[in-house]
Amino acid sequence: MGPGRNCPLAYRYAPASLDRDPEIVADAIYVVGGLYGNVEALDRVRAMAAEDRDAALVFNGDFHWFDVAREDFLAVDGTVLAHRAIRGNVETEIASEESGAGCGCAYPMDVSDAEVSRSNRIIERLRDTAREFPHARKKLGELPMNLVAQVGDARVGIVHGDASSLAGWGFAHDRLADAGHRRWVESAFRDSRADLFASSHTCLPALRTFDFGAGEVAIANNGAAGMPNFAGRRSGILTRIGVAPYAGAALHRVIVRGAHVEAIEIAYDHERWARRFLAAWPEGSAAHDSYWRRISDGPRFAPESAWPRAA
Ligand SMILES: [Fe+2]
């Protein structure tokens, strides 16, 4: 398999490694994955958190991506690293020289070769920017691959990909809907002793509960904080987990061990973001070819596929 298809060995961890004391104890956390260098979405998330008393921000990887402009890279890096963060495949791959993993996305076969090769070109350009900031780059490489949080009675495994890999696709919406995948999900919860997983990486949201006989558990994949998640909707999504519900509207909500697990819309300034994106990635560039349509129109994806039962 070529670069961008592999899941490097160093990306793997045992689900049982999440069976540990929490690093974060909070009444509410915002899990923000897949910011993808969207400075406007980051501004919006900070404003939301400032209004939501006691909410802690946790960035679960791929906060960098489109931010190849030096000032954008520094703005994203400085803000994110002032909070709790784990590294995604993007941060892992720009922290080191080319490993053979390309963008480290471990893309499944339904993603085209052309798209994988464009992603590899994006990571090369982003790595060029990161090289100018050796100290920041070193810190990215030192970020953990996962965190454990305690929110009320709920134990939360915070990951980028899934329960066993930084770039795993085991928490993708279609896998979670697949009955054949249930046994894997069950073992992930059993081995980690988590009540919840908060993930990202697959770029499409999912929020599903499961009951394996010891009470409901849930997987909340926020999709992307910095890109549209649904057709015709120009906003990102974050996962909020709190002992009390969000004061505003939630796209979807489940309750696990008394914790409210919610998909919350990030209504960032699209026009401003579009101008910033186009300045770095004009027509004909790798990121424009792969992402402009999604940034403008959203992906071909509907809320019914993310959370089959209406909120
Ligand atoms: Fe990722």
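## Side-chain contacts and the iron site

With 4% relative accessibility, R240 falls in the buried class (under 20% relative accessible area is buried, over 50% exposed and anything in between partly exposed, using a 1.4 Å probe and protein chains only). The model behind this value is a predicted one, where local features need pLDDT of at least 70 and side-chain atom pairs count only at pLDDT 80 or more, while totals for chains, interfaces and linings use all residues. Residue numbers run from 1 along each chain as its sequence is written, and side-chain values rest on heavy atoms, with hydrogens and water left out.

The partner of R240 is D52, and their side chains form a salt bridge with an N to O distance of 2.7 Å (a side-chain nitrogen of Lys or Arg within 4 Å of a carboxyl oxygen of Asp or Glu). D52 sits in the loop between α1 (39-51) and β3, and R240 belongs to strand β10 (residues 236-242), so this bridge ties together parts of the chain that are 188 residues apart in sequence. Helices (H or I, at least four residues) and strands (E, at least two) are DSSP runs, numbered from the N terminus. D52 is buried too, at 11% relative accessibility.

R193 is in the loop between α7 (182-192) and β7 (196-199), whereas D19 is in the segment before β1 (24-25), so the pair links stretches 174 residues apart in sequence. Here R193 is partly exposed, at 48% relative accessibility, and D19 is partly exposed as well, with a relative accessible area of 35%.

A further bridge joins D72 to R276 at 2.8 Å, N to O. Because D72 is in helix α2 and R276 in helix α8 (residues 270-280), the pair ties together parts 204 residues apart in sequence. D72 is buried, at 7% relative accessibility, while R276 is partly exposed, at 23%. Through shared partners, salt bridges connect E40, D72, R272 and R276 in one network.

F66 and W273 make a tilted pair, with 6.2 Å from centre to centre and 40° between the planes. The two come from distant parts of the chain, 207 residues apart: F66 from the loop between β3 and α2, and W273 from helix α8. Both residues are well covered by the numbers, with F66 buried at a relative accessible area of 3% and W273 buried at 2%. F66 also pairs with F277; the ring centres are 5.0 Å apart and the planes stand at 90°, so this pair is edge-to-face. Since F277 is also in helix α8, the loop between β3 and α2 is tied through F66 to a part of the chain 211 residues away in sequence. Like F66, F277 is buried. Ring pairs gather W65, F66, W273, F277, Y291 and W292 into a cluster.

As for helix α9 (residues 286-297), its buried residues are A286, A287, H288, S290, Y291, R294, I295 and S296. These pack against α4 (113-131) and α8, where contact means heavy atoms within 4.5 Å. Just after α9, G298 adopts a positive phi of about 85°. Elsewhere, the charged end of R125 sits over the ring of W281, 4.2 Å from the ring centre (NZ of Lys or CZ of Arg within 6 Å of the centre and within 35 degrees of the ring normal).

Finally, the iron ion. Its protein donors are D62 (OD), N89 (OD1), H160 (NE2) and H201 (ND1), at 2.1 to 2.2 Å (N, O and S atoms within 2.8 Å of the metal, or 3.2 Å for Na, K and Ca; water is not among the atoms, so sites may look incomplete). The angles among the 4 donor atoms run from 89 to 162°, and the site is irregular. For four donors, tetrahedral needs all angles between 85 and 135 degrees; four count as square planar and six as octahedral if opposite donors are over 155 degrees apart and all others between 65 and 115, and anything else is irregular. Along the sequence, the donor residues follow the spacing D-x26-N-x70-H-x40-H. D62 is in the loop between β3 (55-60) and α2 (70-81) and N89 in helix α3 (residues 89-95), so these two tie together parts 27 residues apart in sequence. D62 and N89 are both buried.

Conventions:
Phe/Tyr/Trp six-rings, centres within 6.5 Å; stacked < 30°, edge-to-face > 60°.
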